[in-house]
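Colleague: I would like to learn how to read the strands and the aromatic rings in a model such as this one. Could you take me through them in turn?

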Amino acid sequence: MKTVPEKILENDIIDILMDWLKNEGWKIISFRKFRERGIDILTEKKGQTFIIEAKGAKGNPENSNTTRPKFDAGQLKTHLGVAVIKVLEERIKCPGSQIAIAHPDVPYIRSVISPVIPEFEKLGIRFLW
């Protein structure tokens with residue numbers, strides 16, 4: 001996927017992912033944006049289900065709780081923990097599905113998240129930048 005700006009929002013990541021997935025031959029079954037509950041992207045190709053949880057680089061400026069220009073390391077780790085639980089719960093509901101967590105391709109986020117990627121792979125969780 002293409003490199004994105006450091007202040008990209010989750011909704012932007014979802015849009016970028018959906019374009020990429022469509023180009024790769026995946027059919028978008030459903031997606032959630034604007035703080036809707038549920039998995040961010042559900043897609044399928046040739047009978048294979050792919051479930052993706054997306055995260056942004058900062059909070060939505062329309063949310064009154066957003067005060068920082070980007071998520072700090074603690075926030076990134078908290079959001080990552082929530083995403084791990086979410087995709088694992090979805091895999092329980094849909095055994096055999098591929099699962100992934102997506103973050104913007106930003107050096108700062110990579111520096112925080114990259115050390116744990118090998119552990120994701122052991123759990124069968126793909127990581128998309």
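This is a predicted model: local features need pLDDT of at least 70, side-chain atom pairs count only at pLDDT 80 or more; totals for chains, interfaces and linings use all residues.

Colleague: In what order do the five strands form the open sheet?

Modeller: Strands of a sheet pair through backbone hydrogen bonds, either parallel or antiparallel. Here the order is β1-β2-β3-β4-β5, with mixed pairing, and the edge strands, each of which pairs on one side only, are β1 and β5 (125-128). From one strand to the next the twist averages 25 degrees.

Colleague: How many bridges join β1 to β2?

Modeller: There are four between β1 and strand β2 (residues 41-45), and the two run antiparallel; Ser30, for instance, has Leu42 in β2 as its bridge partner. Helix α1 packs on the sheet, where it touches β1, β2, β3, β4 (98-102) and β5, and its direction makes about 155 degrees with that of β3. Helix α2 (residues 73-93) also packs on the sheet, touching β3, β4 and β5, at about 165 degrees to the direction of β4.

Colleague: Which values describe a pair of aromatic rings?

Modeller: Such a pair is described by the distance of the centres and the angle of the planes. The count here comes to three aromatic pairs, among them the tilted pair of Trp26 and Phe50, with 5.2 Å centre to centre and 45 degrees between the planes. This pair links distant parts of the chain, since Trp26 lies in the loop between α1 (10-23) and β1 (27-31) and Phe50 in strand β3 (residues 48-54), 24 residues apart.

Colleague: Are Trp26 and Phe50 buried or exposed?

Modeller: Both Trp26 and Phe50 are buried. Elsewhere, ring pairs link Phe120, Phe127 and Trp129 into a cluster, and Arg110 lies over the face of Trp129, at 4.1 Å from the ring centre.

Technical notes. Residues are numbered from 1 along each chain as its sequence is written. Side-chain values use heavy atoms; hydrogens and water are left out. Rings of Phe, Tyr and Trp (its six-membered ring) pair if their centres lie within 6.5 Å; planes under 30 degrees apart count as stacked, over 60 as edge-to-face and the rest as tilted. Buried means under 20% relative accessible area, exposed over 50%, partly exposed in between (1.4 Å probe, protein chains only). A charge sits over a ring if NZ of Lys or CZ of Arg is within 6 Å of the ring centre and within 35 degrees of the ring normal. Two strands pair if DSSP finds at least two bridges between them. Axes are lines fitted to C-alpha atoms, for helices over the stretch in contact, and angles run from 0 to 180 degrees between N-to-C directions. Contact means heavy atoms within 4.5 Å.
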